[in-house]
Amino acid sequence: MSRAVVVGGGLAGLAAAVAVAKAGLETVHLVPKGPPDRRTSALMLPSVAYLQSAGLVPDPAAIGHPLTNIRIIDATRRLIRAPETLFDSAEIGQPAFGWNFANVRLAEAFEAARAGLPNLSTIETTLDGLALDPDGATLTLGTGETLRTDLVVGADGKKSRVRESAGFRAREHGFTQAALVCDLGLERPIGGTSIEFHYENGPFTLVPAGGNRANLVWIDERDTLKAAQEGGKEHLAALFREKSQRLFGAVELLTPAHMFLLSTLTVDIAGKDGVVLVGESAHAFPPIGAQGLNLGLRDVADLAASLAATDLAAPGFALTLSDDYARRRAGDLMRTGTVVDALFRSLLADFLPAQAARATGLWALKLVPPLRRSAFDVGMGVR
């Protein structure tokens, strides 16, 4: 019988498996087969600090690109428009707000950290079933085998089998918008500035990826994105040049453009009955405000804190740990979910008072220092 099983092979699952094993528990990590994650993640300083303290990324400069500025440009044609706003990391005395990483490079770094843990083993399979009882949990694997364990960590994404089988209540809302992502080559360098062009149906965001490269995340109506894709590579390059207001000259697609449907997902509680949820098993939001993996790593950081605060030798430790974890995560999940959802919906609002409120809010962020500082803290996940 293992002491803990972590389900899910994404970045949150890898980080969680390392955290649980480092706490001293005999840990099994269930990792289904899948293609490499070709996306990128903008991680803010608190997330990067955790990765360094946990030994997951010793030197962010070796695999990432610093984000020194965040520039917001209202590119809508609405009657009431927001001012252009620039956030500079120097305002908070930091050389950068965070770092932009290729997920493949993060995965390589996490795997290197996992390789040095003798009490962490990996099984390449799926989870077919989970049954809880007073003495622990029984997991049925895709191989037909079963595992008994004390603690279950669900990091198996939006369609989490762990969440469903353990009886967690989840609320999901789908949007008519989707996200188009790819890597771009620019004629002029973007430097360390992440630029968000806010359009009526969502932001068009360029994130620095080193030199003249940028990662694109374009949110718009699904039909609009699909039609743009069908126009071909040259059509997309010309469209991207116009949507970036020709600030960077000619634009070249360096990777194929992929589209992802958008939805939100939240749970009432993130831990119970010896089961804890991390990453998109517990929460999912549109890719705005760079909160996706940042929030997942805060899950893992709180899981590590709960492991440190719990007597892991005591009978029924998993029940105590899951309750402690749920308490630690409650405030952050509610706060972040409310802020990201409100921000995304404000971008899409056609209601004139909502547009006025958004414009007024950005003016305040531009001109009122205490509000700017609060915005920095919320965006970076400072607690």
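Is R105 buried, partly exposed or exposed? At a relative accessibility of 36%, R105 counts as partly exposed, where buried means under 20% relative accessible area, exposed means over 50%, and partly exposed lies in between (1.4 Å probe, protein chains only).

The model is predicted, so local features need pLDDT of at least 70 and side-chain atom pairs count only at pLDDT 80 or more, while totals for chains, interfaces and linings use all residues. Residues are numbered from 1 along each chain as its sequence is written, and side-chain values use heavy atoms, with hydrogens and water left out.

**Salt bridges**

A salt bridge is taken here as a side-chain nitrogen of Lys or Arg within 4 Å of a carboxyl oxygen of Asp or Glu, and by this rule the count comes to 17 salt bridges.

| Pair | N to O distance |
|---|---|
| D150 and R3 | 3.0 Å |
| R105 and E108 | 3.5 Å |
| D324 and R327 | 3.7 Å |

Helices (H or I, at least four residues) and strands (E, at least two) are DSSP runs, numbered from the N terminus. D150 is partly exposed at 21% relative accessibility, and R3 is likewise partly exposed, with a relative accessible area of 27%.

R105 and E108 are three residues apart in helix α4 (residues 103-115), a separation of about one helical turn; E108, at 46% relative accessibility, counts as partly exposed. D324 and R327 are also three residues apart, about one turn, and both lie in helix α9 (residues 317-348). Within this pair, D324 is buried with a relative accessible area of 14%, whereas R327 is exposed with a relative accessible area of 59%.

Beyond these pairs, R298, D299, D302, R329, D332 and R335 are linked in a network of salt bridges.

A15 itself has its place in helix α1 (residues 11-22) and is buried, with a relative accessible area of 1%. Leaving aside residues up to four places away in sequence, A15 touches L56, F110, L297 and V300, where contact means heavy atoms within 4.5 Å.
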